[in-house]
Amino acid sequence: MEMDQLRKTAAEIVSRDDVKYLIGWKQGTFGYRIAPSFVEDASGAAELLFSPLCTANLATYLRLVETLPVPRGQEADTRKVALMVKGCDSRAVAQLVVEKGISRDQVVVIGCPCPGVVDVALLARKYPETEIPAELKWNGSGFTLVRSGEEIKLAREEVLAEKCRLCRYPNPVISDIMLGEQVIPWEPSADSGVAEVEKKDYAGRWAYWEDQFSKCVRCYSCRNVCPLCYCQDCILDRLNPTWVNRAVNFSENTAFHIARAFHLVGRCIECGECERVCPANIPLGRLNRKLAREVRDKYGFEPGADPEAEPFQASYKPDDPEDFIL
Amino acid sequence: MSAMLLNKEKWPDFIGKLADKKLWVPQADGDAMRFAPIAEGAALPLEFSNTRVPPKQVVFPQTETLYRFQLGQEEMEQPQLEEEILLLGVRPCDARAMEIVEKLFRWDVDDPYYLKRRALTTVVGLACNEPCVNCFCPSVGGGPASTEGLDLLMIDLGEKYLLEPVTAKGVDLLAAVKEFLDEAGTDAVKQKEQVISASMQKIKRSVDTEGIPKGLPGLWEDSLWQRVSASCLGCGTCTYLCPTCHCFDIQDETEGFEARRCRMWDSCMFKEYTLHTSGHNTRPTRRERTRNRINHKYSYYVDKFDVIACVGCGRCINLCPVNIDIIEVLRQVKEAL
Amino acid sequence: MKHNDNPYIPYTATVAETWLETGGERSIKTFKVVLDDEELRENWTHSPGQCAMIGLLGVGESMISISCSPTEGKFLRFSVMLMGKVTQALHQLETGDKMMVRGPYGNSFPVDAWRGKKILTIGGGIGQAPLRPIVEYVKANRDHYAGLTMIYGARTSGDLCFKGEFETMIKRDDLSCHLTIDVEEEGWDHNVGFVPSMLMDLSPSPENTIAITCGPPIMIRFVLENLKKLGFADEQIYTTLENRMKCGFGKCGRCNAGGMYVCKDGPVFSYAVLKDIPEAFA
Amino acid sequence: MSDNYEPNIVAFLCNWCSYAGADLAGTSRMQYPANIQIIRVMCSGRVNPLFVMNALQQGADGVLISGCHIGDCHYMEGNFYARRRLGMLKELMEFIGVDSRRFHMSWVSASEGHKWKEVVEKTVEDAREAGPYEGFRRRRIDW
């Protein structure tokens, strides 16, 4: 995709009267970081970019934005929000529509077909970050890293993010404007890390997760970054009744992770953001992917694939599986 | 006692001799590092810039019981803090943070828990040979070999550690392991200076804090707060992993008739932090919360305790999922002044 | 007074007397409590305007202003509005029950510096609770103050606190007392109207006067506006703040408004200080 | 595991069918294990998965949820939702390593006193086999 085309289209969109702002990606302050950018006028569109470093799923901002009550006598700003999405991100938008978290006509979806993004942490381990922002480009077969005037070719498999290895929707499923050419979907990798846990026995699985959940510091970044964790009032913050104690210990951490994972059943669109942002490196993706697979295999539901669908947990089919019922 | 040298081969002996205290050292945990108590004789890993969770967790645990009691009864049982702790491999920035936070915990009323734990802890620092990409400690009064908050500073000189005692506790510690140490000559001191100045060279990022503490409150309504907080997720990563963040919540927890009152880290980036029971929130959006975080570190704390409550460890920059970079925020503040 | 070695440990106190001030969903209940430990009770001192952390073990604690003056006797009074988890539990307490108290916390009204001045209190709803100690203090030391005027309002007559006390105070001629409710009611023979407009109707002279106000934020805002209109200087206006607090002595970091810790630098602020604290009226 | 271990089972029963079924079992003087602590809810669809989580956290060794047969729900479709949600909860619990024998779900109608007895026997037996649950219990509060 040409950056010029992206910036020109973005500038046109933010100049529209019915658009409040556009959320896209811009270069970060150092290394391989990319920062979300809230563009309010055409001039701001010049900093937008789309590259293999754009891992963040910006759909989360559709529900995350906090607004103050509209003062008496003034009218609420009902203009649309324009949003740049990759394939996975577009599923988040679609699923938010399904869940009635947003209404479709409130969002201008700018689709960016995505040949796969990188795992920034993995990349930084191989080629350490410096204080100067670096650039990464797709080059057909893999990536080209440009930093300090030097170009390094990287094989795709070497640094591709795990979510992209497993990706089945590289092209946005919904969009108002599509930028660039559709990419040809690739064969998703069979190894999602779920099988590795599944093949353990109960004690082994418990030991595995006990180890993981014990590391949690409860910063709630996994919850906040998740586009489908969109409740205004989360049960985890409730004190009356207290579902999950504030204390940080293995018991409460496990309760938190069960609650979080369960609330994403039939919602998770496998964008991998929870795993990416976790400062404790907890493999939350495995938990989510396992449940997403069960939802898909047993109930035939694919979150975010169809904006007209019924929300999974608020609907049923007469022939849902019930082999576990006595 | 003056500076001493410890041959790295004697590390296990050194550690073994100190085993009467509970030892905490940085340990590998996947790709990250964290402080954890160790078994005897473990090596001190050196290939790390810093741990994800700062060692403040040792003197200010994430969850700490203040006292426990039986429901319906009035007797409160307080924890007996007696175990001596040896905290090994603390980076100078994190030790400095403990010193800074202590000012608050001593302010007017002493906080018995923090001060007791601090008194029971001997902090052995490890000077930074390889600062991380976002380290900026020299800009806020620290440095790769700063000794503030440390009892003993270790400097890695390749095959040997140079051990410099800072406090009486550090001297005692050295005396206890005298048999493994050699007198440090002028060579070692010269070598140390080289190592530290090489390290200083590797610190690329900086902040000019001049005028910020006085000027920050004047930027209350500046548009920069909206700009820098727009992408904030409102998670607690920056504050929980900050070595100087010290805010906490107090909650009562019960199981059956067993109950305790405990305190746990809290984050000013959470909506609930200032939410009144009535539903009124004094900091209703992330704009106000971000503003408060920066102001607290760079202005309020300076007013009260005459020191910036940021030690330049770079954790919040490294780990922010959306690249909210305090150096960049401060640059914008400076620009707006 | 001397703290425990551990400032987090509360004292046990017994509810000596308790009654409902107002009813409804957000009812207000007043507790008169006595510290159990005799030595503590005898040595306890607090000043008008200070707060205490009260609560129950296993439920939690809330910062509540002490609504009695030390001149009244060896007991403490708290008026608690039913809001959340802790206040719900407190409202269950009856005479003879135990509650936990620690404090007193915060600064207080500079009653000594105010000697010889006229005191004007302007309260709304539960906001009268932190004002009550100053009223009682001035009543007890009436000779030292040039005057005492009270303006107190609530939504309805049923929402007025300390009604009995006001009824007796109205009859006294050494102080002036004005009650008001928002809307006309049958059987109500005092004023009708909002507190800020009541203040304008009375138009007290700012000369040698200290005005203290507490109430809902919206009321405070208009009261301040009107006090300025009447010619009160910033230094003559005082108010008390509240914020979410956990420790009460400047450690937990939750109550800061701008650079001020409400639990240590407050809760009493003069408007001269307050107007420069940007978060104070947020 | 000691031989005299008695599992603690928390059972969430819907008001209209299963609770009545359990009642019938009682009034018919059927003998069944006394390890069950019944919590009556209006509908199996009311059972929040967090209830199950909290029960395990606070000392249950097993959890049973019972409602009306599919098609018999007093609220027409409550048990359809319950089936879907709790089915997924079971998957989640198993994946993180909670023994599937600790979690059961059944349909018991008001007239099925006998079935209730069987369900309880099966649940208690399974929980007994699985042993005392420590997992993520809020352990006796330590410092």
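How many residue pairs are in polar contact between chain D and chain B? The count is 1 residue pair, with both residues at pLDDT 80 or more, a polar contact being a pair of N or O atoms within 3.5 Å, where within protein one must be able to donate a hydrogen and the other to accept it, and residues adjacent in sequence count only if both atoms are side-chain atoms.

This is a predicted model, in which local features need pLDDT of at least 70 and side-chain atom pairs count only at pLDDT 80 or more, while totals for chains, interfaces and linings use all residues. Residues are numbered from 1 along each chain as its sequence is written, chains are lettered from A in the order in which they are written, and side-chain values use heavy atoms, with hydrogens and water left out.

Select chains D and B first. Here 8 residues of chain D are in contact with 12 residues of chain B (heavy atoms within 4.5 Å). Next, select Arg137(D) and Glu255(B), whose side chains meet in a salt bridge at 3.4 Å, N to O (a side-chain nitrogen of Lys or Arg within 4 Å of a carboxyl oxygen of Asp or Glu).

Now move to Cys17(D) and Cys68(D), which form a disulfide with their sulfur atoms 2.4 Å apart (cysteine sulfur atoms within 2.5 Å). The link is right-handed, with 100° about the S-S bond. Cys17(D) counts as buried at 10% relative accessibility (buried means under 20% relative accessible area, with a 1.4 Å probe and protein chains only), and Cys68(D) is likewise buried at 3%.

Finally, select Cys216(A): its sulfur is 6.4 Å from the closest cysteine sulfur, in Cys222(A), too far for a bond.

How values were computed
Buried < 20%, exposed > 50% of the residue type's maximum accessible area, 1.4 Å probe, protein only.
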